[in-house]
Amino acid sequence: SDLSSARKTYYQMSLHYTHGYRPAPYVVVTSYFSYATVFVTGCVEDLLLRLKKFVQRKSSPDQGYASLLRDFDDFWNRQAYGRIHDAWNRPLDSKPGTAFCVLGRNRNNPRNLADLDGKRIQAINMSSYNYLGFAENPHSCDEDVHAAIDQYGIATGSPLLELGTTAVVQELEAAVARFVGKPAAVVYGMGFATNSTTIPCIADKNSLILSDQLNHSSLVCGCRLSGATIRVFKHDDYDALEAQLRRAIIEGNPRSSRTPWSRIIIIIEGVYSMEGEIVNLPKAVALKKKYNVYLYVDEAHSIGALGAHGRGVCEHWGVDPADVDVLMGTFSKSFGSGGGYVASSEEVIAHIRSTSAGTLYGNSMSPPCARQVISALKVICGEDGTDTGARRLATLKANSEFLRRGLIDLGFTVKGDPASPVVIVLVYVPTKIVAVSRECLKRGVAVVMVGYPACPVMEPRVRFCLSAAHTREQLVQVLDAMDEVGDMLTLKYSKGKPQPCGRHS
């Protein structure tokens with residue numbers, strides 16, 4: 001078809017672009033010098049503190065007790081994060097809409113994150129996963145949620161398999177299954193637990209999991225809890241993945257005298273939120289079919305944000321959802337709620353429902369949260385009788401493209417794919433992380449800063465999360481603020497160079 005041909009052409013063109021540019025030698029030198037300075041300064045301060053404790057230890061009230069924290073393990077929190085903690089964990093005093101109220105904190109108390117300075121800062125929210133703007137509480141959703149509170153209360157106070165199954169949760173499970181194109185679905189009260197308690201249900205010690213290098217912590221946790229053998233492949237490198245598959249099939253399971261693996265599962269994400277990249281799903285599906293293995297896709301950041309109708313990465317690529325064995329997603333990004341879901345065949349969902357720790361022991365999804373998702377789905381699908389959902393999807397895409405192009409034109413090094421709702425700007429020098437955050441907040445823009453170990457040591461970054469509710473005036477203000485901050489902190493590493501525009505979208 002014309003659409004498939006266009007996607008193929010775009011993908012071939014985008015292969016000529018990189019994610020960004022290697023930093024100049026002076027950037028590398030200053031970055032490592034920054035890390036070395038923090039380490040040496042921290043070691044000297046720790047040594048002085050140990051000498052002080054040695055002198056005072058006879059009068060110490062905790063004499064005879066072993067420390068709960070080992071000095072070196074807690075080193076980063078004490079000597080690095082503790083000095084710049086005001087750039088994270090910012091308390092809010094409003095709903096997380098496109099603009100919110102940030103409460104200021106004192107920087108001179110590294111141990112007390114709640115030490116407020118009394119300031120109230122109005123800022124544009126470029127931090128929250130509010131992709132379709134449902135955190136703004138549209139009037140239609142608001143009424144439905146209030147009605148659910150009146151009928152069901154705030155929480156069930158029970159796991160799903162005891163007395164936590166409510167009619168609204170059952171309605172949500174059916175709606176989610178229809179929306180993603182699967183026969184059945186089960187919902188959880190927590191997004192992280194959706195992955196961490198589902199994967200152990202479908203993998204065991206005789207299974208092999210092939211996990212993308214940049215998979216989310218919840219996926220890593222679930223893989224480890226399963227007891228399966230885990231092999232990590234280079235991010236989005238399907239030649240490396242195929243080599244792992246061939247080796248696994250040829251060599252078999254070393255735990256059981258080289259007999260075949262009971263199952264092999266490929267685990268990937270739809271959108272990698274720390275990279276702003278969209279997975280190449282057609283390639284993953286092709287390998288799944290070629291080697292008769294299973295495919296598990298985490299759509300936490302892609303469901304509701306990708307595809308012409310918001311149905312996620314499968315719709316974005318034109319892939320039949322039946323070609324993906326397990327689809328997982330969360331409701332905290334595009335739907336303005338909380339919790340998560342797993343969608344698959346009826347047999348798999350029945351098994352997960354009866355064996356997952358998340359359904360056996362975790363509190364079931366709050367009925368008002370479930371009603372919020374159902375109302376949001378109706379808006380997205382146009383079942384509310386309006387074109388609001390379609391307009392939100394189009395606006396999200398336009399906002400993402402506008403901000404991405406604006407940052408590139410200013411000379412910043414931008415990572416990710418054009419269709420992604422997450423835009424990444426590389427900072428490189430670690431000491432600039434907190435400076436960017438503080439200077440942006442001074443200009444009324446709240447951003448997320450990311451450093452090691454959440455990203456490579458040499459690639460600290462700013463993460464912008466776009467929303468359909470952002471106005472063009474707000475995005476212009478963000479670009480103006482970044483223009484000033486970029487000049488002040490020398491962040492425009494790609495100014496005057498050909499710019500990357502993503503890999504495959």
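**Entry 1: a strand partner**

Which residue is the bridge partner of Asp298 in E10? I found Met328 there. Before going on, I noted that this is a predicted model, where local features need pLDDT of at least 70 and side-chain atom pairs count only at pLDDT 80 or more, while totals for chains, interfaces and linings use all residues. Residues are numbered from 1 along each chain as its sequence is written, and side-chain values use heavy atoms, with hydrogens and water left out.

Strand E9 (residues 294–298) and strand E10 (residues 326–330) run parallel and are joined by 3 bridges. I count two strands as paired if DSSP finds at least two bridges between them. Helices (H or I, at least four residues) and strands (E, at least two) are DSSP runs, numbered from the N terminus.

**Entry 2: the sheet around E9 and E10**

I traced 7 strands in an open sheet, in the order E3-E11-E10-E9-E6-E4-E5, with mixed pairing. At its edges I found strand E3 (184–188) and strand E5 (229–233), each pairing on one side only. Neighbouring strands here are turned by 20 degrees against each other on average, direction ignored. For angles, axes are lines fitted to C-alpha atoms (for helices, over the stretch in contact), and values run from 0 to 180 degrees between N-to-C directions.

Next I looked at what packs on this sheet. Helix H6 (residues 191–202) lies across E3, strand E4 (207–212), strand E6 (263–269), E9, E10 and strand E11 (340–344), and it runs at about 170 degrees to E9. Helix H9 (residues 281–291) also packs on the sheet, where it touches E6 and E9, and its direction makes about 155 degrees with that of E9. Contact means heavy atoms within 4.5 Å.

E5 pairs with E4 in the parallel sense over 5 bridges. I checked one of them: Ile209 has Ile230 as its bridge partner in E5.

**Entry 3: a second sheet**

I then found 4 strands in an open, antiparallel sheet, in the order E12-E13-E16-E15. Strand E12 (414–415) and strand E15 (448–450) each have a single partner strand, so one side of each is left without a neighbour in the sheet. E12 is joined to strand E13 (residues 422–426) by 2 bridges, running antiparallel, and Val414 stands opposite Val425. H14 lies across E12, E13 and strand E16 (461–465), at about 10 degrees to E13.

**Entry 4: salt bridges**

How many salt bridges does the structure hold? I have 20 in my notes, each a side-chain nitrogen of Lys or Arg within 4 Å of a carboxyl oxygen of Asp or Glu.

- Arg438 pairs with Asp86, their closest N and O atoms 2.7 Å apart. Arg438 sits in helix H15 (residues 432–442) and Asp86 in the loop between helix H3 (75–84) and strand E1 (99–105), so I filed the pair as a link between distant parts of the chain, 352 residues apart. Asp86 counts as buried because its relative accessibility is 10%.- Asp409 and Arg405 meet at 3.5 Å, N to O. Both lie in helix H14 (residues 388–410), 4 residues apart, about one turn of the helix. Asp409 is exposed at 55% relative accessible area, and Arg405 is partly exposed at 42%.
- Lys492 and Asp487 meet at 2.9 Å, N to O. Lys492 counts as buried at 13% relative accessibility, whereas Asp487 is partly exposed at 48%.

I also noted a network: salt bridges that share partners join Glu275, Lys415, Glu459 and Arg461.

**Entry 5: a nonpolar patch**

Phe39, Val40, Val44, Leu47, Leu48 and Leu51 form a nonpolar surface patch, with about 570 Å² of accessible area together. Patches are made of residues with over 30% relative accessible area and no salt bridge, with like charges joined within 9 Å and nonpolar side chains (Val, Leu, Ile, Met, Phe, Trp, Tyr) within 5 Å. Leu47 belongs to helix H2 (residues 25–56) and counts as partly exposed at 48% relative accessibility.

**Entry 6: totals**

The protein has 16 helices and 16 strands, and 52% of its 505 residues count as buried. It exposes about 23,400 Å², with carbon and sulfur atoms supplying 56% of that. Areas come from the Shrake-Rupley method with a 1.4 Å probe, and for residues only the protein chains shown count as cover.

Note on methods:
Buried < 20%, exposed > 50% of the residue type's maximum accessible area, 1.4 Å probe, protein only.
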